[in-house]
Amino acid sequence: ELVASAARRVLPAVRDAGLLIAAVLRPPARAAGRLARAAGRPLARRLPSAARTGLSSGREAARRIAAEGPLRVSERALRYSAARPQRVLGIAFALAVIGWTAGTQTGVISDVQRLVPQNLHALRDLRALQRATGVGGEIDVTVRSRDLTDPRVVEWMSGYQQSLLKRYGYSESSGCGRASLCPALSLPDLFRDSRGLTRQRVRSLLAAVPPYFSQAVISSDRRTATLAFGIRLMPLDRQQRVIDEMRRRLNPPHGVHAELAGLPVLAAEANQAVSSDWRRALLLVFGLAAVALVLFAVYRRVERALVPLVPIALATGWSALVLFLIRIPLNPMSVTLGALVIAISTEFSVLLCARYRSERERGLAPLDALSDTYRSTGAAVLASGVTAIAGFAVLIVSPINMLRDFGAVAVVDLIVSLAGVMLVLPAVLVLAERGELLTLPASALRRLRRGLPRIRRAPA
C-alpha cells in the first residue's frame, strides 16, 4: 500500500513532465511530421488498401491515447479485456504461437571474438598467436590401449591424422594457411613412416627418445597417448561441426579406446547444449512446470494454479517474436533468460491474483474488483517492473558486447512479461471465475470445426 500510494503521487509528476517535454518539442515535431508526410505520400499510394486502413487505425489509436491520457486508456483496456476475455486470449495465443515459431530462427552468437571488447589485450594476443602459428587452440584425441606399441595402433593413428588434415585443407607445402586444423606434436610424428613398423622397432625408438620429450605424446606405461591438432579461432557452432566430424571419423582398432578432449571441445559442447532450440524449449517447460507444482501445492486447485501461469507462458512467445523482429541476437548468457523472466513474472501474477480474490471476497463485482486491484496493487507491480527494467537497461551501455546484448534481451523480456501480466491476466481471471478456463481449448476446437465447412463453401 505504501508503494502504491507513492506511485499515485509520482505518476502525476511524471505526466506533467511529459506534457512539458511535449510542449517544448512540439514545433520541431510538427516540422518533422510534415516532412514525413510529404515523403510518405508516394509510398502510401503504393500500399494496399488494407495496409492503409491499418495505418489510419494506428494513427487514430495514437491520437486517442494522447487525448485521453495513459491512465484512462489503461482503464479502457482493462474493461475490454474483462468484457471479451476469449478474444483477448485468442489474439494473445496466436501471437505467442508465431513467436515460438520465429524464435527458432533467432541466431545465437557463439564467436568469442564478437562477444568481448575488440581492444581487449588478451584478444589481441590471441589473434597475434594465430597470425604467427596459424592456430588459436588445441584439440587432443586421447588414445588408450593395453599396448600402444602395437604397429596396428600407430598406423591407425597416423592414418586418422592424415585424413583429417587433408579434409580441412592442410598441406606440408602451404602450411596451415586457412586450414581449420593443423598438426601438433603427436605420437605418429616420432616415426617418419608408420608402414613396415614392428613392435620392437617402436619400443626401441621410444626408449631412445628422452623422457621429457616422449611424455608429451605417450605415458610411461605405454597405455595412453595423444593425437594433437591445432584449431583456428572460429565461432563455437562451427567449431562443434569440426569436432563432430572428428568424432565421426574415429574408428579405432579392436581393443583401442579413443575420445576427444581439450578446452575447445568443452566450450563447443557447452554452447551447443545452451543454444539448442529444443533444450531452450525444454528449459521453459520445466520452469513453468516447477512453478505450477509449487502453486498447486499452495492453492490445492488446478485452475487457481494455472491462472498466474497463462500470461507468463504466452509472454515467452511474445518475447521471441519481438526479438526476432528487432533482430537482437542471443548469446550464451541471454539465451537462458527465460528462467529469470518466469520467476519475476510469477511474482507479479501471484500478487495481482491474490489482491483480486481479496477484492471479490469483499463483495465487489468482477469489473470493480479488477479496477481496484490494478489501481492499487497494479501500480505497485508496475513500479517494481519498471525498476527491474531500468536496472537491466543499464547493461545496454556496457562496452562488452555480451553484456550489452544480455541487457537488451532482458529489457525486452521484462517489458513483454509485464505487459502480459497487466493486459492478459484480467481476461484469465474472468474466465477462471466463470469456470471456462479449463474448457476453453475444447470450446475453441469445436468452434474451429464448425467454421471449417463455411471456409470450404466460401470459394463456391
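The model is a predicted one, and its secondary structure comes to 19 helices and 4 strands. Of the 460 residues of the protein, 38% count as buried, and the accessible surface comes to about 26400 Å², with 62% of that area belonging to carbon and sulfur atoms. When contacts between residues at least 6 apart in sequence are considered, 76% of them join residues at least 24 apart.

**Helix α11 and its surroundings**

- Helix α11 covers residues 263-275, which is 13 residues, and it reaches 18 Å from its first C-alpha to its last, close to the 18 Å expected at 1.5 Å a residue.
- The buried residues of this helix are P264, V265, A268, N271 and S275; seen down the axis of α11, they fall within an arc of 135 degrees, so they line one face of the helix.
- On the face of α11 turned away from the buried side, the exposed residues are L263 and L266.

**Strand β4 and its partner**

- Strands β1 and β4 run antiparallel and are joined by 5 bridges, and in one pairing V143 has A258 of β4 as its bridge partner.
- The covered face of β4 holds A258 and L260, whereas H257, E259 and A261 make up the uncovered face.

**The nonpolar cores**

- The largest nonpolar core has 46 residues, and within it V307, W318, L370 and L425 touch the most other members.
- The elements that give two or more residues to this core are α3 (70-83), α4 (85-103), α14 (309-326), α15 (338-361), α16 (366-393), α17 (401-423) and α18 (425-434), and α17 gives the most, with 11 residues.
- L370 touches L78, A82, Y356, P426, L429 and V430, when residues up to four places away in sequence are not counted.
- Apart from this core lies another one, of 35 residues, which includes L187, V202, I243 and L260; L260 is also one of the residues on the covered face of β4.
- More generally, nonpolar side chains in soluble globular proteins tend to be buried together.

**F392 in helix α16**

- F392 has its place in helix α16, and because its relative accessible area is 18%, under the 20% cut-off, this residue counts as buried.
- Not counting residues up to four places away in sequence, F392 touches L340, F406, G407, A410, V411 and L414.
- F392 and A408 are 16 residues apart in sequence, while their C-alpha atoms are 7.7 Å apart in space.

Terms used:
Residues are numbered from 1 along each chain as its sequence is written. This is a predicted model: local features need pLDDT of at least 70, side-chain atom pairs count only at pLDDT 80 or more; totals for chains, interfaces and linings use all residues. Side-chain values use heavy atoms; hydrogens and water are left out. Buried means under 20% relative accessible area, exposed over 50%, partly exposed in between (1.4 Å probe, protein chains only). Contact means heavy atoms within 4.5 Å. Accessible areas come from the Shrake-Rupley method with a 1.4 Å probe; for residues, only the protein chains shown count as cover. The expected span of a helix is 1.5 Å times one less than its number of residues. The arc is that of the directions from the helix axis to the C-beta atoms. A nonpolar core is a set of buried Ala, Val, Leu, Ile, Met, Phe, Trp, Tyr and Cys residues joined through side-chain atoms within 4.5 Å. Two strands pair if DSSP finds at least two bridges between them.
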